[in-house]
Amino acid sequence: MTLRNAAPGFAVVTGHRADGTFGDVRGAANVHGTLVILMGVGQLAALTDEIIAVGRSPNTPSSCD
């Protein structure tokens, strides 16, 4: 989850709260490092838009496991 000189830290947020809203994706997207989003597959397109809107590059590597 971390990689020296590339991802020195990480943040974990929920992608889908019980009330249907996102977790604090916008705040976590500003963390320098790996962003882990749990329970977000059903909201993937909208979550991606939120993350890009706060400044993450659309070219950021990602994985959906």
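Tutor: One term before we start: a residue counts as exposed when its relative accessible area is over 50%, and as buried when that value is under 20%, with partly exposed in between. Also keep in mind that this is a predicted model.

Student: OK, so is Met1 buried or exposed?
Tutor: Met1 is exposed, because its relative accessibility is 57% and the cut-off for exposed is over 50%. Met1 sits in the segment before strand S1, which covers 10-14.

Student: Which residues form the nonpolar patch on the surface?
Tutor: Met1, Phe10, Val12, Leu38 and Met39 form that patch, and together they have about 550 Å² of accessible area.

Student: Where is Met39 found?
Tutor: Met39 is in the loop between strand S2 (34-38) and helix H2 (44-53). Met39 counts as exposed because its relative accessibility is 63%. Its backbone deserves a look too: Met39 has a positive phi of about 55 degrees, although it is not a glycine.

Student: And what about the phi of Asn5?
Tutor: Asn5 has a positive phi as well, about 70 degrees, and it is not a glycine either. You'll find Asn5 in the segment before S1, and with a relative accessible area of 79% it is exposed.

Student: Switching topic. How many salt bridges does a search of the whole structure find?
Tutor: The search finds one. The side chains of Glu50 and Arg26 meet there, at 2.6 Å from N to O. The pair links distant parts of the chain, with Glu50 in helix H2 and Arg26 in helix H1 (residues 25-29), 24 residues apart.

Student: Why would side chains like that pair up?
Tutor: Side chains of opposite charge can pair when their charged atoms come close.

Student: How accessible is Glu50, and how accessible is Arg26?
Tutor: Glu50 counts as partly exposed, at 22% relative accessibility. Arg26 is partly exposed too, at 40%.

Student: What is the lining made of, in nonpolar, polar and charged residues?
Tutor: The lining of the largest pocket has 13 nonpolar, eight polar and two charged residues. S2 and H2 each supply at least two residues of that lining.

Terms used. Residues are numbered from 1 along each chain as its sequence is written. This is a predicted model: local features need pLDDT of at least 70, side-chain atom pairs count only at pLDDT 80 or more; totals for chains, interfaces and linings use all residues. Side-chain values use heavy atoms; hydrogens and water are left out. Patches are made of residues with over 30% relative accessible area and no salt bridge: like charges are joined within 9 Å, nonpolar side chains (Val, Leu, Ile, Met, Phe, Trp, Tyr) within 5 Å. Accessible areas come from the Shrake-Rupley method with a 1.4 Å probe; for residues, only the protein chains shown count as cover. A salt bridge is a side-chain nitrogen of Lys or Arg within 4 Å of a carboxyl oxygen of Asp or Glu. Helices (H or I, at least four residues) and strands (E, at least two) are DSSP runs, numbered from the N terminus. Buried means under 20% relative accessible area, exposed over 50%, partly exposed in between (1.4 Å probe, protein chains only). Ala, Val, Leu, Ile, Met, Phe, Trp, Tyr, Cys and Pro count as nonpolar, Asp, Glu, Lys and Arg as charged, and the others, Gly among them, as polar.
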